[in-house]
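Thanks for asking me to look this one over. Below are my notes, written so that you can follow them with the structure open beside you.

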Amino acid sequence: MTFGQQMLFFFSAVGAFNGLLLGIYLLSVKKLKYIPDFFLGLIVLTLSSRVGISVGMYFYPDLPRIIPHLGMSALFFTGPALYYYIRSSFLQEKFDLKQCRTSFGFLTLVLGIVGLVYLFFPVTWDQYFGTFIYTVWSVFVLLSVYQYYIFSKQKAGNPNQFILPVLISNAIIFLAYQLISTGWVQIYCAGGSLVFSFVLYANFLIIFSKKNDQELVKEVPRYTNKKISEELADSFVSKLEQLMNSEELYKNPNLKLSDLATQMKMSAHQLSQLLNDNLGKSFSTYINEYRISEACEKIENGSFLKIEEIGYEVGFNSKSTFFSTFKKIKNTTPLLYKQSKILSDVRFQSSEL
C-alpha cells in the first residue's frame, strides 16, 4: 500500500469513528428537539457505517459476504435522510413527522423484502443489490435537489444557512460513490475520506451555530442604555418595511424577533427597541398587523380559501390565534368582516343600477 493509500485509509477510519459518534449524539442526545439535526445525524450515521464496514473488510477479508451488503443497506437510507433533512429545515413546524415515519417504515419494509431474496436467490441478489441501492439513493438525491430549488424559489420558512452546504457535500459523496461503483474511479477508501471531511464539516457547523447563538446573546446588553437617533430610526423603519413587503417574512408562523433581527443585520434588543420606542408596538403586534392586513385583502378580493385557510396562508399557526388577533385588530370577526364586505358590494352595485 502506497503512502497516499495509507493516508486515505487513515482518514476513512477516523471519519467512520467520528461519524458514528456524531451520528449517535444527534440521534440519541438531541433526539427530536430540532428535527433537521435528527436527519443530519442519520445521514452521518449511515455514511459512517458504510465506511466503517469497508475498513473492517480490509482487515478481515474473510468475513461473511453478507457484511459488505449491510454497509450497502446503510446507504439505502442516506438518500431519504437527506430528502427529509431538506424538507424539515424549510417546513419546520409544518413538517409532517407522522408521514415521514410512515415513509421510513415503508422503505424499511422494502429493504427487508429485498433482503429476503438473498435467502432464496443469492446469486441474483449479489448481482442486482448494489444497483437497487444506488438507484434509490439517486432518486432521493434528485428529489432533494428539486425540493431545495422549489423551497428556495418560494422562500418557504426561515431555514438555517447550512442547508445548501450539506446538500452539496452529500451530492459530492454520492457522485464519488457512483464513480467508484462503476469502476471509473479506483481509489481505495476515497468515499471514506470524503465522509471524514463531511463529518468535520458537520461538527464545524454545529459548533459555529452554537457560537453564533452565544455571541448574539452577549451582544444584547450593549444597546441597553442607547437610544436610537430619530434619523437612524427612520432609516431602519424604511428598511424594515421594505423587507417585510418584499420578502413577506410575516408569513412564516415560526418567525422570531432574533430571525428578523438577523435579516436586518442588527441585534434582537436593538430591533425590539426600534419597534417599541419608535413605532410604539411589540414585535408580535407589528407582525400580526401585516398578517391581518393581507388576510383582509384576501377576503376583500373574494379568495376561494376558507376563513381558517386564509389564517394559515398569512402566517398564523392556529385557527383560534387568527380569530382572536383579527378581533383585536379589526374589532370584528373574520366572518363578519367578510359578510360586511359582501353587503357593501351589493349595496354599491344596487346604487349603480
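1. **The chain as a whole.** Please keep in mind that this is a predicted model. The chain has 353 residues, and 40% of them are buried. Its secondary structure consists of 15 helices and 0 strands. If you take contacts between residues at least 6 apart in sequence, 70% of them join residues at least 24 apart.

2. **The largest nonpolar core.** Which residues have the most contacts inside the largest nonpolar core? They are F39, Y85 and W137, in a core of 41 residues. Two or more residues each are given to this core by helix 2 (35-59), helix 3 (66-76), helix 4 (78-91), helix 5 (97-120), helix 6 (122-154) and helix 7 (163-182). Helix 6 supplies the largest share, 9 residues.

3. **F39 and a second core.** Leaving aside residues up to four places away in sequence, F39 touches A81, Y84, Y85, S88, F95, C100 and F104. There is also a second, separate core, which has 22 residues, including L243, L255, A261 and M264.

4. **Q147 in helix 6.** Q147 belongs to helix 6. Is Q147 buried or exposed? Its relative accessibility is 12%, and because the cut-off for buried is under 20%, Q147 counts as buried. Apart from residues up to four places away in sequence, the contacts of Q147 are Y83, I86 and R87.

5. **Helix 9 against helix 11.** Next comes a pair of packed helices. Helix 9 (residues 230-247) and helix 11 (residues 268-278) have axes that come within 11 Å and cross at roughly 100°. That angle makes helix 9 roughly perpendicular to helix 11. On the helix 9 side the contact uses A233, F236, V237 and L240, which meet Q270, L271, L274, L275 and N278 in helix 11. Sorted by class, this contact of helix 9 with helix 11 holds 7 nonpolar, 2 polar and no charged residues.

6. **Helix 9 against helix 12.** Helix 9 also packs with helix 12 (residues 283-300), at an angle of about 45° and with the axes 12 Å apart. Helix 9 and helix 12 are therefore oblique to each other. The crossing of helix 9 past helix 12 is right-handed. Here L240, E241, M244 and N245 of helix 9 meet Y286, I287 and Y290 of helix 12. The contact of helix 9 with helix 12 has 5 nonpolar, 1 polar and 1 charged residues by class.

7. **Helix 10 and its end.** In helix 10 (257-264), the residues D259, L260, A261 and M264 are buried. What do the buried residues of helix 10 pack against? They pack against helix 9, helix 11 and helix 12. Among these buried residues, A261 and M264 are also included in the second core. Just after helix 10 comes K265, with a positive phi of about 60°.

8. **Helix 11 and its end.** Helix 11 has A268, Q270, L271, Q273, L274 and L275 as its buried residues. These buried residues of helix 11 pack against helix 9, helix 10 and helix 12. G280 follows helix 11, and its phi is positive, near 65°.

9. **F322 in helix 14.** F322 lies in helix 14 and is buried, with a relative accessible area of 1%. Not counting residues up to four places away in sequence, F322 touches I292, A295, I307, G311, F316 and P334. F322 and E308 are 14 residues apart in sequence, and their C-alpha atoms are 7.7 Å apart in space.

10. **T332 in a loop.** Where is T332? It sits in the loop between helix 14 (319-330) and helix 15 (334-352). T332 is buried, with a relative accessible area of 17%. Setting aside residues up to four places away in sequence, T332 touches F326, K327 and Y337.

Technical notes:
Residues are numbered from 1 along each chain as its sequence is written. This is a predicted model: local features need pLDDT of at least 70, side-chain atom pairs count only at pLDDT 80 or more; totals for chains, interfaces and linings use all residues. Side-chain values use heavy atoms; hydrogens and water are left out. Axes are lines fitted to C-alpha atoms, for helices over the stretch in contact, and angles run from 0 to 180 degrees between N-to-C directions. Helices (H or I, at least four residues) and strands (E, at least two) are DSSP runs, numbered from the N terminus. Angles under 35 degrees count as roughly parallel, over 145 as roughly antiparallel, 65 to 115 as roughly perpendicular and the rest as oblique. Contact means heavy atoms within 4.5 Å. Ala, Val, Leu, Ile, Met, Phe, Trp, Tyr, Cys and Pro count as nonpolar, Asp, Glu, Lys and Arg as charged, and the others, Gly among them, as polar. A crossing is left-handed if the near helix is turned anticlockwise from the far one by less than a right angle, and right-handed if clockwise. A nonpolar core is a set of buried Ala, Val, Leu, Ile, Met, Phe, Trp, Tyr and Cys residues joined through side-chain atoms within 4.5 Å. Buried means under 20% relative accessible area, exposed over 50%, partly exposed in between (1.4 Å probe, protein chains only).
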